[in-house]
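Me: I'm new to this one and would like to go through it slowly. Could you take me through it piece by piece?

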Amino acid sequence: MIREGKFGFAEGVSLLLISNLATIYLVEPSVAVELGKNMAWLMALFTMVVMLLEYWIIISLMKRHQDTTIIEASEQLLGPYLGILCNLLFALYFIVEEAILIRRYGEALLTAALPTTPISVIMVTLTLAAIISCYYGLETIARVSRISITFIFGGIFILFMAVISYVDVTNLYPLWSVNPLKIIAEGQYKLIILSEGLLAAVIFHSFGNWHNFRSVGLLAISVSGIIRTTLIILLILALGVELASEKVLPFFNLSRLVSFGRFFQRAESVFLLTWAMVGFLKLSITLYASTVILARTFRLQDYRPLLWAVSLLCFSISIIPPDVETIGTLNLNYFTVWGLIPTIVLPFLLLVVSLVRKRERKQKHTSEAGNQ
Amino acid sequence: MRDKAKEVKLWIKIVCLLCLISTSIGCMGARETDQLAFVLAIGFDKADNNQQEVTITIANTLAFSSTGGSGGQDAPSYETVSVKAPSAWETGSLFNSFNSRELAYMHTKLFVIGEETAKDGIEKYLTAISRFREARGNSSLYICKGKAKDFLMNNKPVLETSPAKQIELIENTSKIIGYFPVTTVNDILKTLKNLHSSPIAGLVGIHKTGEDEQVEKLLRETTDPLQEPYYAGVVPRTGGNKAEFIGTAVFNDDKMVGILSGSETRTMLLLQGDLTSSMYNIRDPKYDNFNIAVNLRQARKPEIRINREADGVKIEETVFLEGEFIAIESGEDYEGVEAKRQLEQTFSREVEKQARELIAKTKEENYGDIFQYDRYYRKELRTWEEWKNLNWKEIYDEAEINVICKTNIRRPGLLRQTLPILRTEKK
């Protein structure tokens with residue numbers, strides 16, 4: 001029996017929020033601006049709505065299986081073979097996500113702050129930090145998230161306030177310039193992937209009850225969506241569409257604009273701390289999810305023995321791509337597309353099976369009652 | 001057995017502590033300040049035979065760190081050197097063939113591009129600066145009338161020890177006089193990449209005594225005190241630092257195509273809505289040989305209306321100025337309500353005339369829109385494609401642009417009226 005511990009509402013929101021915010025520090029906001037042009041803010045809002053719907057699917061599924069996590073639920077619904085296959089897909093998703101994130105965060109830290117440090121050293125540090133966090137358990141990660149969220153929010157708020165002086169409202173025009181359907185067809189699907197739904201369903205018991213699980217997820221996704229939309233609006237207003245689309249680390253670029261008078265300049269290292277915090281926590285949460293899924297699938301008593309093996313696997317995968325461009329292409333063109341299967345398609349299928357089973361059971365009960 | 005376990009734990013702790021200590025001494029890229037040469041300014045020039053010449057001004061930290069005694073304080077606070085190479089980026093390596101310290105660009109405050117280089121295009125420099133981690137997009141970028149090397153070599157700030165501080169402080173004066181725009185790498189890139197209008201950059205230059213004839217010519221031609229026809233390098237003066245900051249370089253795409261004088265720059269900033277304040281001098285409407293000086297600031301952002309009509313685009317801009325009297329040489333009582341109103345109207349008409357002349361110049365000289373009217377025109381458009389494919393230069397050249405100036409001289413200074421001197425009154 002894996003003991004995950006329990007945490008409160010604030011810890012839950014912090015955990016899922018930090019996990020969902022991790023990509024705003026990487027290239028994603030630039031990609032959003034490139035796809036949506038000056039209407040990328042609308043795209044971000046739409047992404048938030050889609051993510052809420054995705055979470056709603058998971059909520060509906062878990063409502064029907066409140067005694068188990070999604071791992072046990074999938075085996076109950078699909079049977080032992082298909083259920084295990086489904087769970088392995090969930091684990092594979094988190095393993096690949098962890099591998100991609102280790103590399104992307106490693107490259108981001110190297111580009112922004114540590115240009116002469118070998119990438120392997122940064123990646124080993126990130127992986128070790130994730131292993132140590134996971135070793136202490138989910139409860140510890142959640143509590144650290146709760147403490148960190150104050151600083152992360154502080155950093156984001158100060159940055160947003162500080163770049164207001166660079167805002168040019170005319171950058172938003174022409175309004176309604178891009179056909180929303182075209183944006184959705186061409187690239188929206190690259191941004192809607194939501195791993196937090198699956199993550200929350202894996203650690204379902206830690207939320208205490210289904211109501212908490214529902215509120216925590218919806219709040220975390222909404223707040224994260226608002227922050228992402230604000231960031232994209234500020235990127236468009238402060239840098240303009242073309243310039244914002246060029247950036248590798250748009251959040252870092254915005255922080256380089258911050259200056260108050262002659263003395264308070266070059267403050268990006270302060271903001272770097274907040275995104276390093278988010279990166280470390282996101283990697284810990286993802287590693288935890290992948291090992292716990294495997295431990296539950298194989299009915300192990302503890303997930304800790306798997307930590308070394310899974311992290312070594314993630315590290316090995318992450319070191320394969322030869323450069324930043326390759327990892328970026330892998331992420332945007334493959335992971336975000338194929339990742340929709342375990343995050344949306346499978347939970348939705350499980351929900352459909354659950355509904356069908358329920359109806360069958362009902363019909364069976366009715367016919368049995370009729371026979372009697 | 002228990003003692004053995006304790007001993008093992010102790011050794012584990014010691015090993016962990018040693019690992020921690022060895023990894024906490026700093027990251028692999030750590031560089032001490034005494035290992036670095038901080039580049040304060042960089043100049044790019046075109047040299048003969050397809051070569052590039054890069055000039056850098058390096059801070060001499062020795063001059064700042066010494067507390068007395070021999071050496072330090074007597075040393076110059078900065079050093080300027082230049083190197084030629086086939087590529088501007090290769091020069092960075094050549095600098096270290098004679099420089100003991102690694103060049104660090106994180107404190108680079110100023111980028112200067114020579115006139116000839118700017119005429120060939122500056123995009124390659126801008127994108128390289130914005131790509132490079134150490135360089136900052138909010139560093140200033142100016143175009144030098146002449147060679148950037150001459151500017152950096154001859155720039156000897158008299159009142160400041162560091163050229164970086166000199167740049168910061170002189171940029172503050174732009175807010176007081178408005179004779180040159182403060183332009184950063186980001187500003188120019190934003191216009192170049194996001195807009196259809198023409199980018200501009202501040203103009204700098206070295207005062208040349210050999211060009212006195214040109215100065216004399218400008219002095220002879222200038223009869224209107226509102227006109228300031230000077231640009232960097234030809235300001236009529238004696239003494240002081242040879243470096244001058246006045247005027248604007250105008251670009252078509254990324255290629256420099258012309259320059260604006262001090263007063264034209266002021267008008268451009270006024271129409272852009274970026275003029276903080278400036279001292280205006282006009283001829284006294286009642287006395288030809290007397291002038292009136294007023295210190296005016298932009299009261300609020302200009303109101304710009306753009307109408308797309310059958311016969312073309314009509315742009316109507318209203319600018320608002322307010323301020324106070326500095327000098328009324330004639331002694332005429334302009335402080336009175338009616339006289340002041342008439343003076344304000346005369347002044348407004350003069351500013352409108354200057355604006356008309358500048359707009360006409362941009363069209364005649366093929367400069368394009370230096371006022372960024374396309375930022376407002378994009379509100380009229382419906383699709384991104386329409387904006388991307390907009391032929392703004394043609395629209396601007398054919399547009400009817402009308403500038404209205406509204407001036408309010410709110411305060412008379414410390415005198416509420418000007419009374420004639422007693423002897424004059426008796427006569």
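Me: Is helix α2 of chain A mostly covered or mostly open?
Reply: This is a predicted model, and in it helix α2, residues 28–36 of chain A, is mostly covered, with seven of its nine residues counted as buried.

Me: Which residues of α2(A) are the buried ones?
Reply: The buried residues in α2(A) are A:Glu28, A:Pro29, A:Ser30, A:Val31, A:Ala32 and A:Val33, together with A:Gly36.

Me: And what follows α2(A)?
Reply: A:Lys37 follows α2(A), and the phi of A:Lys37 is positive, near 50°.

Me: Switching topic, where does A:Arg103 lie?
Reply: A:Arg103 lies in helix α4 of chain A, which covers residues 70–112.

Me: Buried or exposed, that A:Arg103?
Reply: A:Arg103 is buried, because its relative accessible area is 5% and a residue counts as buried when that value is under 20%.

Me: What does A:Arg103 touch, leaving out residues up to four places away in sequence?
Reply: With those left out, A:Arg103 touches A:Ile119 and A:Met123, as well as A:Ser318, A:Ile319, A:Ile320, A:Pro321, A:Pro322, A:Asp323 and A:Ile327.

Me: How many Å separate the C-alpha atoms of A:Arg103 and A:Ala10?
Reply: Those C-alpha atoms are separated by 30 Å, and the two residues are 93 residues apart along the chain.

Me: Zooming out, how many helices and strands does chain A have?
Reply: Chain A has 15 helices and zero strands. Its radius of gyration is 21 Å, close to the 21 Å that the globule rule gives for 372 residues, so chain A is as compact as a globular protein of that length.

Me: What box do the C-alpha atoms of chain A fill, and what share of its residues is buried?
Reply: Taken along the principal axes, the box is roughly 85 × 45 × 40 Å, and 56% of the 372 residues of chain A count as buried.

Me: What about charges on chain A?
Reply: Chain A carries 27 positive and 23 negative side chains, and the centres of these two sets lie 7 Å apart.

Me: Last topic, how many residues does each chain give to the contact between A and B?
Reply: Chain B contributes 28 residues and chain A contributes 33 residues. The area buried between the two chains is about 2800 Å², with 48% of it given by carbon and sulfur atoms.

Me: Which three residues of chain B supply more of its buried area than any other three?
Reply: Those are B:Arg133, B:Arg136 and B:Trp384, which supply 27% of the area that chain B buries against chain A.

Methods. Residues are numbered from 1 along each chain as its sequence is written. Chains are lettered from A and ligands numbered from 1 in the order in which they are written. This is a predicted model: local features need pLDDT of at least 70, side-chain atom pairs count only at pLDDT 80 or more; totals for chains, interfaces and linings use all residues. Side-chain values use heavy atoms; hydrogens and water are left out. Helices (H or I, at least four residues) and strands (E, at least two) are DSSP runs, numbered from the N terminus. The radius of gyration is taken over C-alpha atoms; the globule rule is 2.2 Å times the number of residues to the power 0.38. Buried means under 20% relative accessible area, exposed over 50%, partly exposed in between (1.4 Å probe, protein chains only). Lys and Arg count as positive and Asp and Glu as negative; His and the chain ends are not counted. The place of a charge is taken as NZ of Lys, CZ of Arg, CG of Asp or CD of Glu. Contact means heavy atoms within 4.5 Å. Buried area is the accessible area (1.4 Å probe) that two parts lose on being put together, summed over both.
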